[in-house]
Amino acid sequence: MTDSATAGQGAAPPEIDATVPHSARVWNYWLGGKDNYPVDRAAGDQFQEVFPAIVDTARESRRFLSRAVRFLAGEARIRQFLDIGTGLPTAENTHEVAQRVAPESRIVYVDNDPVVLAHARALLTSSPEGVTQYVDADVRDPDRILEAAARTLDFGRPVALMLLGILGHVTDDDQARSILRRLLDAVPSGSYLVLYDGNDTNPAGVAAQETYNQSGALPYRLRSPEQLARFFDGLELVEPGVVSVPRWRPDPGDPPTEVDASAGVGRKP
Ligand SMILES: C[S@@+](CC[C@H](N)C(=O)[O-])C[C@H]1O[C@@H](n2cnc3c(N)ncnc32)[C@H](O)[C@@H]1O
């Protein structure tokens with residue numbers, strides 16, 4: 001997955017800003033990836049010094065993605081996934097998890113970071129029966145996302161809307177709610193919303209986030225678990241509801257643990 005033109009030690013191409021940390025690249029650093037620049041590693045290290053648990057949070061969040069997609073493709077029989085704020089390719093990307101359960105699954109990835117775009121081909125390795133597509137778009141423009149995704153997804157059939165670790169970047173509550181409403185209005189009954197975001201339950205996490213937000217990076221807002229739960233208003237929450245990320249349907253043998261991020265899955269009635 002590594003593209004030597006965009007990652008590691010080499011000079012960044014002009015469309016890529018390697019002078020300020022970027023969410024996708026810092027996240028990739030915490031996940032143990034190589035697709036990040038010194039500025040991202042410095043911001044990641046500074047965050048970790050104040051709040052070391054961020055690394056566990058990032059890793060647990062990817063494990064939640066895997067469990068949620070297995071639930072959706074398995075028990076919920078969903079075959080279409082719209083994954084907005086995809087991040088850099090890593091192990092267990094949405095299409096790999098979904099197509100392992102149901103090879104005919106169709107996945108549209110959306111992100112607006114040029115580095116993610118540069119790596120998108122690693123996300124486009126579909127099973128022969130299914131499809132994966134990548135859309136370079138901003139979550140603040142749901143109409144454009146829906147229009148582009150409609151080339152791959154059938155909005156007459158249920159879709160899993162996945163917004164994992166991205167709504168914190170939409171710091172205004174009304175805007176975040178309006179994006180969710182627009183996306184949910186476009187999908188039929190039986191569709192799902194999957195969401196996790198960092199929460200404000202740990203003062204060290206809040207302090208680390210405040211410093212990060214002053215670094216020139218796109219700010220990320222930590223909401224309370226109650227505020228995050230309200231994003232599911234109007235949906236039927238899948239058990240166990242909106243909980244700390246590792247507590248959402250842990251796999252047998254998973255150690256009981258907590259991180260300062262809340263996750264949930266809701267079904268559109
Ligand atoms: C914390 S990462 C989460 C990545 C992945 N969803 C995961 O859970 O591992 C947030 C992602 O959202 C993307 N992002 C941030 N703001 C965005 C926007 N306005 N439109 C589209 N993507 C955005 C970033 O580029 C990054 O890839």
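User: On a 1 Å grid over the protein atoms alone, a cavity is a set of points where a 1.4 Å probe fits but cannot get out, and its lining residues have an atom within 4 Å of a point; which helix gives the largest share of the lining of the largest cavity?

Analyst: This is a predicted model, in which local features need pLDDT of at least 70, side-chain atom pairs count only at pLDDT 80 or more, and totals for chains, interfaces and linings use all residues. Residues are numbered from 1 along each chain as its sequence is written, while side-chain values use heavy atoms, with hydrogens and water left out. The lining consists of Ala24, Trp27, Asn28, Leu31, Arg62, Thr86, Gly87, Leu88, Pro89 and Thr90. With helices being DSSP runs of H or I of at least four residues and strands runs of E of at least two, numbered from the N terminus, the largest share, 3 residues, comes from α1.

User: How much space lies in the largest cavity?

Analyst: Grid points are joined across faces, edges and corners, and a volume is the space filled by probe spheres set on them. The count comes to 1 cavity of 30 Å³ or more, and the space in the largest cavity is about 50 Å³.

User: Turning to pockets, how much space lies in the largest one?

Analyst: A pocket is an open set of grid points with protein on both sides within 12 Å along at least five of seven lines. For the largest pocket the space comes to about 840 Å³.

User: Of the residues that line the largest pocket, which are the closest to its centre?

Analyst: Elements that give two or more residues to this lining are α1, α3 (54-73), β1 (80-84), β2 (106-111), β5 (192-198) and α8 (203-213). Of the 48 lining residues, the closest to the centre are Ser23, Ala24, Gly165, His169 and Tyr220.

User: Where is the ligand?

Analyst: A molecule sits in a pocket if more than half of its atoms lie within 2 Å of the grid points. The space taken by the ligand is the largest pocket.

User: What share of the ligand's exposed area does the protein bury?

Analyst: Among the polar contacts (N or O pairs within 3.5 Å), a side-chain N or O atom of Asp111 is 2.6 Å from a ligand oxygen. A polar side-chain atom of Arg140 is 3.1 Å from a ligand nitrogen, and a backbone N or O atom of Leu164 is 2.9 Å from a ligand nitrogen. By the Shrake-Rupley method with a 1.4 Å probe, the ligand taken alone exposes 600 Å², of which the protein buries 97%.

User: Which helix gives the largest share of the lining of the second largest pocket?

Analyst: The second largest pocket holds about 200 Å³ of space, and its lining includes Arg177, Arg181, Asp185, Arg230 and Lys268. The largest share, 5 residues, comes from residues 173-185, helix α7.

User: What is the phi of Arg77?

Analyst: Arg77 belongs to the loop between α3 and β1. Its phi is positive, in a residue other than glycine, and lies near 55°.

Note on methods:
Polar contact = N/O pair within 3.5 Å; in protein donor to acceptor, adjacent residues only side chain to side chain.
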